[in-house]
Structures are given as C-alpha cells and as structure tokens.
Amino acid sequence: DWLATYCAHDPSRLIGIGVLPMAHPDDALAEAERCVSELGFKGVWRRPERIPGTAALHDPGYEPLWSFLEESNTPISVHPGLNGATPSDFYMNHFDNDYTAMHAAHFPVEQMMNVTDFVSFGILERHPELRVAFLECGAGWVPYYMHRLDEHLEVFGYPNAKLSMKPSEYFQRQCFVSVEEVEPGMGVVMDAYPDSVVFASDYPHGDGLFPGATKELMETDQISDADRNRIFDDNAVRLYALET
C-alpha cells in the first residue's frame, strides 16, 4: 500500500512490484491479484529460499498463481538477500556464520536452485507465457549453468517434467537476469541470451554507485551498441510489459 502511494506521484516513471507472502500459495495468489488488479503494479516478487514448513516453489498449490501471472501478462521476480531475518541456517552451519562467505554463496546458489525448480518440475513448460527474473545475482553464471541443466536433460532426464525443449531454450524464451557492472564473459552472455539481461543499479546499497552506475556498461567494448540498448531499455520493456 505504501509503494502504491509512492508510485502515484508519477505513474509514468515510478513502477511498483508487489511483494508476495510465502507462508501459503493461496496467500501469494491473493496478494498477486490485489497488487496487479487493484494497485496497478507491473510485477510481483518473492524470496528464493525454501522455508521449512512452507510449500516448495514447485508445489502444485502454486499452479493458480503461475496461471494468473501468465494470463495477466505479469512477471515474477526472485530476489535474494541476507540479513538477520533471512532463513539461512544452511549457510550459517556451512560457513560457521562467516557473513562474507555466506553472502558470496547465498545469492547465486539460491538463484541456481530456483531456476532448476522452474525448469525441472515443468513450471515453464506448462506456462509458456510466464516471465521469470532472477535478480541481483549477475549474469555470468547463466551460460555455464544452463549448459549443465541441458546436459542433465540429455544424460538423466527430468522425471518430474515432460520437457519439450532444452532448459537453455526455456531460459531464452522466458527468463531474465540483471547486471550492475561489466562482468567477465559479458559478451558470451549477450550472444547466448541477448533478450534476457537487464540493468539494475542496486541503489542505494553500497555497491549501487551514484552517480556513474551505468558508466562501465556504457563504455565497455565487450558488448555492442545494440546489446547496450537491450540491457538498458528493450529487455526491461519486455520483462515488465511496459508501454513505450
């Protein structure tokens, strides 16, 4: 409600993304419907963790949510974070509560597990118009990890899904990641997934530079001008179905 009031100051520039509760799929659906239909938000988001006592991301109870988002042309984003309220016992135990080690591993590991959920349990197969963004984890991991998921389809198959395409093809069709800087292998990422990368400033966090957040990406020779336009403009328009 606060965010809707904030965005109302300039709806042409301020676009809200609703936070979904994770306690029960029915609650998530009800809030998604409210955020989109009543508040006019352009997307919803949730955290990546599988919290004990709550439904897994691939639980059949979430099917109505995926259908609603697909039918309403609304994307869902998965966004990690690490603080005192984050369920992170696995990382605390593994790294003896070393915050730096936990923070470094938590973001990409959780996102890899989430994209695996969306692919290996057939969510993207059953909902071909659903768009999913895996945010604040960079983009460099995507070519490697999607290759790994493709390989596992070939070698083992995915017993919980009847996939008609390779995992990497679902990602190309429906998925997005964000970048805040020039990452190693940026050109490779854009060659393989040109429509899947968007810019994020992460402002006002410490790594969200201001001014100059876009300087590296604007000046690098790793990517073409066409790719720059995709990262800064076109792909975000596609992700959030924005009017231009």
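The model is predicted, so local features need pLDDT of at least 70 and side-chain atom pairs count only at pLDDT 80 or more, while totals for chains, interfaces and linings use all residues. Residues are numbered from 1 along each chain as its sequence is written, and side-chain values use heavy atoms, with hydrogens and water left out.

**Pockets**

Let's begin with the open spaces. A pocket here is an open set of points on a 1 Å grid over the protein atoms alone, where a 1.4 Å probe fits and protein lies on both sides within 12 Å along at least five of seven lines; lining residues have an atom within 4 Å of a point. Points are joined across faces, edges and corners, and a volume is the space filled by probe spheres set on them. Helices (H or I, at least four residues) and strands (E, at least two) are DSSP runs, numbered from the N terminus.

In the largest pocket, F199, A200, S201, D202 and Y203 are the lining residues that lie nearest the centre. The elements giving two or more residues to this lining are α1 (2-7), α5 (99-120), β5 (175-179), β6 (197-199), α10 (215-219) and α11 (225-240). Among these, α5 gives the most, with five residues.

Helix α5 turns up again in the second largest pocket, where it gives the most to the lining, with four residues. Both α4 (89-94) and α5 supply at least two residues there. Nearest the centre of this second pocket lie E49, R50, I51, E110 and M113.

For the classes, Ala, Val, Leu, Ile, Met, Phe, Trp, Tyr, Cys and Pro count as nonpolar, Asp, Glu, Lys and Arg as charged, and the others, Gly among them, as polar.

| Pocket | Volume | Lining | Classes in the lining |
|---|---|---|---|
| Largest pocket | about 1800 Å³ | 48 residues | 28 nonpolar, 11 polar, nine charged residues |
| Second largest pocket | about 350 Å³ | 18 residues | 10 nonpolar, two polar, six charged residues |

**Helix packing**

Two packed helices are described by the angle between their axes and the distance between the axes. Axes are lines fitted to C-alpha atoms, for helices over the stretch in contact, and angles run from 0 to 180 degrees between N-to-C directions. Angles under 35 degrees count as roughly parallel, over 145 as roughly antiparallel, 65 to 115 as roughly perpendicular and the rest as oblique. A crossing is left-handed if the near helix is turned anticlockwise from the far one by less than a right angle, and right-handed if clockwise. Contact means heavy atoms within 4.5 Å.

Helices α2 (residues 25-38) and α3 (residues 63-71) pack at about 15 degrees, with axes 9 Å apart. They are therefore roughly parallel to each other, and their crossing is left-handed. From α2, the contact uses A28, L29, A32, E33, V36 and S37, while α3 brings P64, L65, F68 and L69. By class, that makes eight nonpolar, one polar and one charged.

Then there's α5 with α7 (residues 141-155), packed at about 40 degrees with axes 11 Å apart. These two are therefore oblique, and the crossing is right-handed. Here Q111, M112, V115 and T116 of α5 meet W141, Y145, M146 and L149 of α7. This contact has six nonpolar, two polar and no charged residues.

Most residues other than glycine have a negative phi, and most peptide bonds are trans. The bond from Y203 to P204, however, is cis, with omega near 10 degrees. P204 sits in the loop between β6 and α10. N97, in the loop between α4 and α5, has a positive phi, near 60 degrees.
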